[in-house]
Amino acid sequence: FNMNVAKQREYVFLDMSTFQTFEPDPKALSAQFRVLFDHIPDQVLFGTDWPMFVFSATPKTLIDQVNSFDGLNDNELEKLFSKNAQRVIDVNTHQPA
């Protein structure tokens, strides 16, 4: 991934759902996610390219793997899995009273 473009443009986002194709080592992958959240925490997404992309594992397995990474806190995981995408598509998540 190249985060330099995203650092220069606030509306460029990195979809990390295809991570299993470029980094099989969980420790190295966790470190790469840490770098992203240190530099562009509001521009990282976990989307999906299915059915265009063949996963090496089920989406749930991949999500569980990311959830197990050392160094990503609950707020960062929430941004990765929902908040950043909601902001991109301008989803109002407030429930009526």
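Searching the whole structure gives 2 aromatic pairs (ring centres of Phe, Tyr or the six-membered ring of Trp within 6.5 Å; planes under 30 degrees apart are stacked, over 60 edge-to-face, the rest tilted). This is a predicted model, in which local features need pLDDT of at least 70 and side-chain atom pairs count only at pLDDT 80 or more, while totals for chains, interfaces and linings use all residues. Residues are numbered from 1 along each chain as its sequence is written, and side-chain values use heavy atoms, without hydrogens and water.

Select Phe 46 and Phe 81. They form an edge-to-face pair, 5.3 Å centre to centre with 65° between the planes. Phe 46 is in the loop between β2 and α3 and Phe 81 in helix α4, 35 residues apart. Phe 46 is buried at 15% relative accessible area, whereas Phe 81, at 26%, is partly exposed (buried is under 20%, exposed over 50%, partly exposed in between; 1.4 Å probe, protein chains only).

Next, select Leu 80. Beyond its neighbours within four places in sequence, Leu 80 contacts Phe 33, Phe 37, Val 44, Leu 45, Phe 46 and Val 66 (heavy atoms within 4.5 Å).

Now show α2, residues 26–39 (helices are DSSP runs of H or I, at least four residues; strands are runs of E, at least two; both numbered from the N terminus). Its buried residues are Leu 29, Ser 30, Phe 33, Leu 36 and Phe 37. Viewed down the axis of α2, they fall within an arc of 115°, so they line one face of the helix (directions from the helix axis to the C-beta atoms). The buried residues of α2 pack against α1, β1, β2, α3 and α4.

Methods:
The expected span of a helix is 1.5 Å times one less than its number of residues.
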